[in-house]
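I opened my notebook to write down what I looked up in this structure. I went through it one topic at a time.

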Amino acid sequence: MAAAVLGLLERGSATLATCESLTGGLLGATLTSVPGASAVFRGGLITYATDLKHTLARVDPGELARDGAVAPSTALAMAAGAREVCAADWGVAVTGVAGPDPQEGHSAGTVFIAVADGSGAAVRQYRLDGDRHTIRTRTVEAALRQLTEAYRSR
């Protein structure tokens, strides 16, 4: 799936940046496991700690305090921040709870994925089942599908 996403973006001369929380770099690692990924992938931010969502991804600290790290607004801001910081055409962000314990009142498997380009951004909420590894892996798969859908619809 990563190779297909990168091929699609490369054919459109588009670049990509990521901002990850619960996946801790797994999305970027999945993308860069594809030979030639550097033609599209600009880089990524790993904002596992809440404060890094502000300092690295430029998420408004007031918004973080109000909505929390696991929120649609945070995912949207992370995607936009990744685009801006990495000077990419597209940004994709993932934030959520891999478990096993809840976070900020959200149960394990609650995930928000946002995709942004120069014309706007969209976020979706997912409820994923499984252990930490499975939730993280499914988050990466969902992010790649969501990015593909968004790119094709623009």
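Predicted model: local features only at pLDDT ≥ 70, side-chain atom pairs only at ≥ 80, totals over all residues.

Is Asp67 buried, partly exposed or exposed? I found a relative accessible area of 29%, so Asp67 is partly exposed. Its partner is Arg66, and the two form a salt bridge with the closest N and O atoms 2.9 Å apart. Arg66 is exposed, because its relative accessible area is 59% and the cut-off for exposed is over 50%.

**Entry: other salt bridges**

I looked up how many salt bridges the structure holds, and the count is 4. Side chains of opposite charge can pair when their charged atoms come close.

One of them joins Glu84 and Arg58, with the closest N and O atoms 2.4 Å apart. I noted where each residue sits. Glu84 is in helix α5, and Arg58 is in the loop between α3 (50-55) and α4 (61-67). They are 26 residues apart, so I wrote down that this pair links distant parts of the chain. Glu84 is exposed, at 52% relative accessible area. I also checked the backbone of Arg58. Its phi is positive, near 65°, and Arg58 is not a glycine.

Another salt bridge joins Asp117 and Arg154, and here the closest N and O atoms are 3.1 Å apart. Which parts of the chain does this pair tie together? Asp117 is in strand β4 (residues 110-117), while Arg154 is in the segment after α6 (132-153). The two parts are 37 residues apart in sequence. Asp117 counts as buried at 11% relative accessibility, because the limit for buried is under 20%. Arg154 counts as partly exposed at 48%.

**Entry: helix α5**

I tested the length of α5. This helix has 15 residues, 72-86. At 1.5 Å a residue it should span 21 Å, and its end C-alpha atoms are 21 Å apart, so the two values agree. Next I looked up its buried residues. Among them are Ser73, Ala77, Met78, Gly81, Ala82 and Cys86. An α-helix has 3.6 residues a turn, so residues three or four places apart point the same way. After α5 comes Ala87, with a positive phi near 50°.

**Entry: the sheet**

What is the order of the strands in the open sheet? I read it as β2-β1-β3-β4-β5, 5 strands with mixed pairing. β2 (41-46) and β5 (120-127) are at the edges. Each has a single partner strand, so one side of each has no neighbour in the sheet. From one strand to the next, the twist averages 15°.

I then followed β4 and β5. They run antiparallel and are joined by 8 bridges. I picked out Ile113, whose bridge partner in β5 is Arg124.

Helix α6 lies across β1 (16-20), β3 (90-96), β4 and β5, and it runs at about 30° to β4.

**Entry: Thr139**

Thr139 is in α6. Is Thr139 buried or exposed? It counts as buried, with 0% relative accessibility. Leaving out residues up to four places away in sequence, I found that Thr139 touches Leu22, Thr23, Val94, Val111, Ile113 and Leu128.

**Entry: the cores**

In soluble globular proteins, nonpolar side chains tend to be buried together. I looked for such groups here. The largest nonpolar core has 31 residues. Leu9, Leu16, Leu31, Trp90 and Ile113 have the most contacts inside it. Elements giving two or more residues are α1 (2-11), α2 (26-32), β3, β4 and α6. α6 gives the most, with 8 residues.

I took a closer look at Leu16. Apart from neighbours within four places in sequence, its contacts include Leu9, Leu31, Val40, Phe41, Trp90 and Leu147. There is also a second, separate core of 19 residues, including Ala57, Val59, Cys86 and Ala116.

Most residues other than glycine have a negative phi, and most peptide bonds are trans. I went looking for exceptions. Gly99 and Pro100 are joined by a cis peptide bond, with omega about 15°. Pro100 is in the loop between β3 and β4. Glu104 is found in the loop between β3 and β4 as well. Its phi is positive, near 50°. Glu104 is partly exposed, with a relative accessible area of 43%.

Notes:
Residues numbered from 1 in each chain as written. Heavy atoms only, no water. Helix = DSSP H or I, 4+ residues; strand = E, 2+ residues; numbered from the N terminus. Expected span 1.5 Å × (residues − 1). Buried < 20%, exposed > 50% of the residue type's maximum accessible area, 1.4 Å probe, protein only. Salt bridge = Lys/Arg side-chain N within 4 Å of Asp/Glu carboxyl O. Pairing = 2+ DSSP bridges. Axes fitted to C-alpha atoms, helices over the stretch in contact; angles between N-to-C directions. Contact = heavy atoms within 4.5 Å. Core = buried A, V, L, I, M, F, W, Y, C linked by side-chain atoms within 4.5 Å.
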